[in-house]
Amino acid sequence: MATRLSAVAVPTEHGGWSLTLEPVLLGLMVAPGGAGLALGGCALLAFLARTPLKLALGDRWRKRRLERSALAEAAAAGYLVLLMALLVTAFLLTDFAFWQPLAIAAPLIAVEAWFDIRSRSRRLLAEMAGTIGVGSVAAAIVLAGGESGSVATGVWSVVAARAIATIPFVRLQLKRAKSQPHRVATSDASQLAALMLVVAVALLGWAPWPAVAAIAVLAGIQARFSRIAVPRTAIIGAQQVVLGLGVVLLAGLAFAAP
């Protein structure tokens, strides 16, 4: 029973853990607080709920009832109940409105869910929409901590830039590792797009320039990595954890500086 439950209730996307927790950490570095912690818990539960929801809704989409279906539905319901409890807790712990970025991100989450139901979650659009959508929790945490909308926008932009630069790069590296057809230029374009995003936000005064430097370093490293021998898949994942943590720490310290 434990094995069957873990198969439907535990995410298999190892990189998803990092891309979910990075915006939580960044938001808490900029505006720590109880409401922010509750919202961070909501983000984690949303990530955990995605796996059983994908299975349960996918089975319903195909009009089939498998042995796993009921288990997936129960796991999804449990995660979502806990998520709603933490969301209510966040509302009770702060007087500041934080729901706007979550509402803005809802269509992005819906796009990812649509691909999930049809077992197409590995498509680039699905991965980008989902990661940027979940990144809205960073902005929500910042608002819950009493920071301004411009700071929240800047924080979310850094998270979005990290996703824009990283997801196409990781897809490229995995294709290279499997000797599949690939285009380095696509990854290069994503690095440039990520950098242009944070530069534009910094010029508007919504993000500090050290945060731009963090994305610039990320883009430069990934551009270099795409041109040297590709490592094993486990090493690719470990590299992303280190790079993501570096971006979060540098950007978080820059945003939090007086």
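# Salt bridges and burial

Visitor: Is Glu 22 buried or exposed?
Guide: This is a predicted model, and Glu 22 has a relative accessible area of 10%. Buried means under 20%.

Visitor: Which residue forms a salt bridge with Glu 22?
Guide: The closest N and O atoms of the pair are 2.8 Å apart. A salt bridge needs such atoms within 4 Å. The partner of Glu 22 is Arg 162.

Visitor: How many residues apart in sequence are the parts that Arg 162 and Glu 22 tie together?
Guide: Arg 162 lies in helix α8, residues 149-177. Glu 22 lies in helix α2, residues 14-30. The pair therefore ties together parts whose separation in sequence, in residues, is 140.

Visitor: What is the relative accessible area of Arg 162?
Guide: Arg 162 is buried. Buried means under 20%. The value for Arg 162 is 4%.

Visitor: How many salt bridges does the structure hold?
Guide: Arg 162 with Glu 22 is one of them. Another pairs Arg 171 with Glu 127. The total is four.

Visitor: How far apart are the closest N and O atoms of Arg 171 and Glu 127?
Guide: Arg 171 and Glu 127 form a salt bridge. That requires a distance within 4 Å. For this pair the distance is 3.3 Å.

Visitor: Which helix holds Glu 127?
Guide: Arg 171 and Glu 127 link distant parts of the chain, 44 residues apart. Arg 171 sits in helix α8. Glu 127 sits within residues 124-134, helix α6.

Visitor: Where does Arg 227 lie, the residue that pairs with Asp 188?
Guide: Asp 188 and Arg 227 form a salt bridge, with closest N and O atoms 2.4 Å apart. Asp 188 is in helix α9, residues 184-203, and the two residues are 39 apart. Arg 227 lies in the loop between α10 (209-225) and α11 (233-256).

Visitor: Does Arg 227 count as buried, exposed or partly exposed?
Guide: Its relative accessibility is 48%.

Visitor: Which residues does Gln 191 touch, not counting residues up to four places away in sequence?
Guide: Gln 191 is placed in helix α9. Gln 191 is buried, at 5% relative accessible area. Its contacts are Ala 165, Phe 169, Leu 218, Ala 219 and Gln 222.

Methods:
Residues numbered from 1 in each chain as written. Predicted model: local features only at pLDDT ≥ 70, side-chain atom pairs only at ≥ 80, totals over all residues. Heavy atoms only, no water. Salt bridge = Lys/Arg side-chain N within 4 Å of Asp/Glu carboxyl O. Helix = DSSP H or I, 4+ residues; strand = E, 2+ residues; numbered from the N terminus. Buried < 20%, exposed > 50% of the residue type's maximum accessible area, 1.4 Å probe, protein only. Contact = heavy atoms within 4.5 Å.
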